[in-house]
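Here is a brisk report on one protein chain. Keep the sequence and the model side by side while reading.

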Amino acid sequence: MRIAIDHRSHYRFSAPQDRIVQMLRLTPCDTETQTVVNWHIGVDIDARLRNAFDGYGNAVTMLYAEGPIEALDVTVTGEVLTLDATGVIRGSAEPLSPLLFLRGTPRTQASVALAEFAGDLGGGDMIERLHALNVALHGRFPSIPDRPDTGISAAEAFAGKTATSRDVAQMFVAAARHLSAPARYVSGYRSDGQAHSAPHAWAEAHVAGLGWVGFDPATGLSPDESYVRVAVGLDATAAASIAGTRVGQGEEELDVDLHVDRLGAEE
């Protein structure tokens, strides 16, 4: 499938900023199931951009800008060719041992309720238990929007009545680690025919004999060719699309316009 992405982040500041430094995790990498045809990151102010890779193997772009800055627009446009591999990840950069992804973070600690939820799903081998977890989380939170990160933890979101794709991805990560499966958070894009206010989020777990396998509790299924995988991390903070600091007074306002369109299938 050929997927076109148009992702625009509009920052407005109530007072001019003296300096902005941002890490942009907005560039997908080639794997055996996705090929980046073209990709461009643009900004509408005088800024220095430097491309690199972070410790997880994600492509990152560092943005440095000096003030006064009253507004900043970050624009991402590109096209990616994708194939369906039933959720199995092949050919990705893997600089870290899967065992690292057993490590918990404050946002992915399983509460007693979440641990019991995962433990009550029954037996079977690990891949069966992970699929059951994926389906069960989707059943508990059947309507999952893509919204900006609120910073809440998996435990806090699990105790609530509503959740976002970021929240249920972190719930899956926390529960999978409780089941002794290395798991990580994934940010990227999903083509579902709708406009979004934030990138999509899902999870991957490492299964013996298969490697990394994707699970999307927002749908209860594994990612297919409609997904574009961009960044991974221990939690949502570590894989955030845009993170950084600013020097200056005043408040920040962010609006996001995101369109992910299918251009057609590739033979």
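β6 is mostly covered, with seven of its eight residues buried. Buried means under 20% relative accessible area, exposed over 50%, and partly exposed in between (1.4 Å probe, protein chains only). Helices (H or I, at least four residues) and strands (E, at least two) are DSSP runs, numbered from the N terminus.

β6 has a partner in β5 (residues 183-190): the two run antiparallel, joined by six bridges. Two strands pair if DSSP finds at least two bridges between them. Across this pairing, Arg 184 stands opposite Glu 204 of β6. β6 also pairs with β7, again antiparallel, over five bridges. Here Ala 203 faces Phe 215 of β7 as its opposite residue. β6 and β7 make a hairpin with three residues between them. In that turn, Gly 209 has a positive phi of about 90 degrees.

## Basis of the model

This is a predicted model: local features need pLDDT of at least 70, side-chain atom pairs count only at pLDDT 80 or more, and totals for chains, interfaces and linings use all residues. Residues are numbered from 1 along each chain as its sequence is written, and side-chain values use heavy atoms, with hydrogens and water left out.

## Overall build

The protein has four helices and 10 strands. From the N terminus on, the order is β-β-β-β-α-α-α-α-β-β-β-β-β-β. The radius of gyration is 18 Å, close to the 18 Å that the globule rule gives for 267 residues, so the protein is as compact as a globular protein of that length. That radius is taken over C-alpha atoms, and the globule rule is 2.2 Å times the number of residues to the power 0.38.

Along the principal axes, the C-alpha atoms fill a box of roughly 60 × 45 × 35 Å. Of the 267 residues, 51% are buried. Contacts between residues at least 6 apart in sequence were also sorted by separation: 76% of them join residues at least 24 apart. Contact means heavy atoms within 4.5 Å.

The 15 residues of α2 should span 21 Å at 1.5 Å a residue, and the end C-alpha atoms of α2 are 21 Å apart, which agrees. The expected span of a helix is 1.5 Å times one less than its number of residues. In α2, Ile 127, Leu 130, Leu 133, Asn 134, Ala 136 and Leu 137 are buried. The buried residues of α2 pack against α1, α3, α4 (165-178), β6 (200-207) and β7 (211-215).

α4 has 14 residues, and 13 of them are buried, so α4 is largely enclosed by the rest of the structure. Its span also agrees with expectation: 20 Å at 1.5 Å a residue, with end C-alpha atoms 20 Å apart. After α4 comes Ser 180, whose phi is positive, near 75 degrees.

## Salt bridges

Side chains of opposite charge can pair when their charged atoms come close. How many salt bridges does a search of the whole structure find? The count is 11. A salt bridge is a side-chain nitrogen of Lys or Arg within 4 Å of a carboxyl oxygen of Asp or Glu. Glu 94, Arg 184, Glu 204 and Arg 229 are linked in a network of such bridges.

Asp 6 pairs with Arg 8, their closest N and O atoms being 2.7 Å apart. Asp 6 is partly exposed at 25% relative accessibility, and Arg 8 is partly exposed at 31%. Asp 192 bridges to Arg 190, with the closest N and O atoms 3.6 Å apart. Asp 192 is partly exposed at 27%, whereas Arg 190 is buried at 16%.

## Arg 107 and Asp 149

The side chains of Asp 149 and Arg 107 meet in a salt bridge (2.8 Å, N to O). This pair links distant parts of the chain, 42 residues apart. Asp 149 sits in the loop between α2 (126-140) and α3 (154-159), and Arg 107 in the loop between β4 (59-82) and α1 (112-119). Is Arg 107 buried or exposed? Arg 107 counts as buried, at 10% relative accessibility. Asp 149 is partly exposed, with a relative accessible area of 33%.

Not counting residues up to four places away in sequence, Arg 107 touches Asp 149, Gly 151, Ile 152, Ser 153, Ala 154, Gln 170, Asp 235, Ala 236 and Thr 237.
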